[in-house]
Amino acid sequence: VVADEDITLYGKFEPSLSIALLGNPSDNQYDEIVHVVEEYSIQHGRIYQIYDTSETDPYDPIITLDAIDEAILQGAKIIILTSGFYHSEATYQAQTEYPEIHFVLIGGEPKEHTFYTEPNIAPNTLTTKPPKELCGFLAGYSAVYEGFTNLGFFNELGTSNGSAGVGFLAGAYYAADQLNIDILINDAAYKNIDHASMLVKAYYMESALELGVELIYTFEHDDNFRIQEIANDEEIEIILAPNSYNSQSESVLTILDTVKANTVRLILDGYFNGDFEGGNSIY
């Protein structure tokens with residue numbers, strides 16, 4: 001955290017805080033974003049401050065909104081929120097309350113209610129989203145090139161991730177066409193189920209085993225890792241989608257991830273050069 005530093009060290013003079021970073025240190029993407037903000041601030045003579053919002057209930061915006069108020073009081077001009085949909089409601093409220101402040105929500109969209117309302121990205125807000133179709137394509141393509149021909153897809157994070165499955169199908173069949181081989185993706189092995197329970201996951205895995213599935217591209221976003229556990233016992237391989245939690249199961253062949261540092265750097269460059277693309281969501 002840079003605070004009350006001698007900013008003449010950077011060869012520039014900035015009278016107050018300009019960049020605020022809000023997030024939960026336990027998030028997968030947190031360290032990467034902190035690092036790029038620190039690096040950017042040092043290179044460009046900006047003062048930044050980090051605010052830990054991990055004490056909040058995951059979806060309760062109160063602590064995050066308090067941190068936003070404090071950051072603005074300290075002079076923040078651009079506020080980066082790193083916890084995706086956990087910061088969705090706070091961003092929704094703050095972007096209206098502070099139209100002169102610029103907000104960047106990483107991996108989420110501002111919503112009045114996280115689950116039940118449509119996103120509203122104000123002109124002073126920019127959001128980012130992972131390229132789910134491309135990640136799915138890479139997963140399917142690489143799976144077939146690694147020799148897997150009976151594939152499954154299980155999405156448990158809502159319909160918004162359905163495009164990952166479309167990409168997975170496209171990548172797998174594209175690779176199969178290049179290699180001139182046959183592959184199988186049975187309907188019962190390809191599922192989009194919103195917030196699946198452990199029982200539903202177990203039932204899905206039973207079906208996958210009966211179908212002879214060799215590899216599954218999936219999202220694991222909770223603490224039970226049921227698909228990974230069963231896959232490990234039955235020697236089925238897993239490719240995890242971006243933002244999944246990895247339990248270090250031996251069934252995990254690889255985990256796809258997105259590099260956010262360049263995106264954050266470009267957003268900061270755009271803002272400080274007067275080219276902030278508010279009202280948009282970018283990959």
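Which residue in S5 is the bridge partner of Leu105? Thr127 is that partner. To see where this pair sits, let's walk through the whole model.

This is a predicted model, in which local features need pLDDT of at least 70 and side-chain atom pairs count only at pLDDT 80 or more, while totals for chains, interfaces and linings use all residues. Residues are numbered from 1 along each chain as its sequence is written, and side-chain values use heavy atoms, with hydrogens and water left out.

## The overall picture

The protein has eight helices and 11 strands. Both kinds of element are DSSP runs numbered from the N terminus: helices are H or I with at least four residues, and strands are E with at least two. Of the 283 residues, 49% count as buried. Buried here means under 20% relative accessible area, with exposed being over 50% and partly exposed in between, using a 1.4 Å probe and protein chains only. Now for contacts, meaning heavy atoms within 4.5 Å. Take those between residues at least 6 apart in sequence: 65% of them join residues at least 24 apart.

## The six-stranded sheet

Six strands make an open sheet with parallel pairing, in the order S2-S1-S3-S4-S5-S11. Two strands count as paired if DSSP finds at least two bridges between them. At the edges are strand S2 (48-52) and strand S11 (280-282), each pairing on one side only. From one strand to the next, the twist averages 20°. For angles like this, axes are lines fitted to C-alpha atoms (for helices, over the stretch in contact), and the angles run from 0 to 180 degrees between N-to-C directions.

Strand S4 (residues 102-106) has a parallel partner in strand S5 (residues 125-128), with four bridges between them. S4 also runs parallel to S3, again joined by four bridges, and Ile79 stands opposite Phe103 in S4. S4 is mostly covered, with four of its five residues buried.

Helices pack here too. Helix H1 (residues 30-44) lies across strand S1 (19-23), S2, strand S3 (78-81) and S4, and runs at about 170° to S1. Helix H2 (residues 62-73) packs on the sheet as well, where it touches S1, S2, S3 and S4, and its direction makes about 155° with that of S3.

## The five-stranded sheet

There is also an open sheet of five strands, with parallel pairing and the order S7-S6-S8-S9-S10. Its edge strands are strand S7 (190-192) and strand S10 (252-255), and each pairs on one side only. The twist averages 15° from one strand to the next. Strand S8 (residues 215-218) and strand S9 (residues 237-240) run parallel and are joined by four bridges; Tyr217 has Ile239 in S9 as its bridge partner.

Helix H4 (residues 132-145) packs on this sheet and touches strand S6 (151-155), S8 and S9, with its direction at about 170° to that of S8. Helix H7 (residues 226-234) packs on the sheet too, touching S6, S8, S9 and S10, and its direction makes about 150° with that of S9.

## Helix H8

How far apart are the end C-alpha atoms of helix H8 (residues 261-272)? They are 17 Å apart, which agrees with the 16 Å that its 12 residues should span at 1.5 Å a residue. That expected span is 1.5 Å times one less than the number of residues. In H8, the residues Ala261, Val264, Ile267, Leu268, Gly270 and Tyr271 are buried. These buried residues pack against S1, H1, S3, S4, S5 and S11. After H8 comes Gly274, with a positive phi near 75°.

## Helices that cross

| Pair | Axes come within | Crossing angle |
|---|---|---|
| H2 and H3 (residues 88-97) | 9 Å | roughly 40° |
| H1 and H8 | 9 Å | roughly 40° |

That makes H2 oblique to H3. Oblique is what remains once angles under 35 degrees count as roughly parallel, over 145 as roughly antiparallel and 65 to 115 as roughly perpendicular. The crossing of H2 and H3 is right-handed; a crossing is right-handed if the near helix is turned clockwise from the far one by less than a right angle, and left-handed if anticlockwise. Thr64, Leu65 and Ile68 of H2 make the contact with Ala90, Gln93 and Ala94 of H3.

H1 and H8 are therefore oblique to each other as well, and their crossing is right-handed. Among the H1 residues that meet H8 are Ile33, Val36 and Tyr40, and on the H8 side they include Val264, Leu268 and Phe272.
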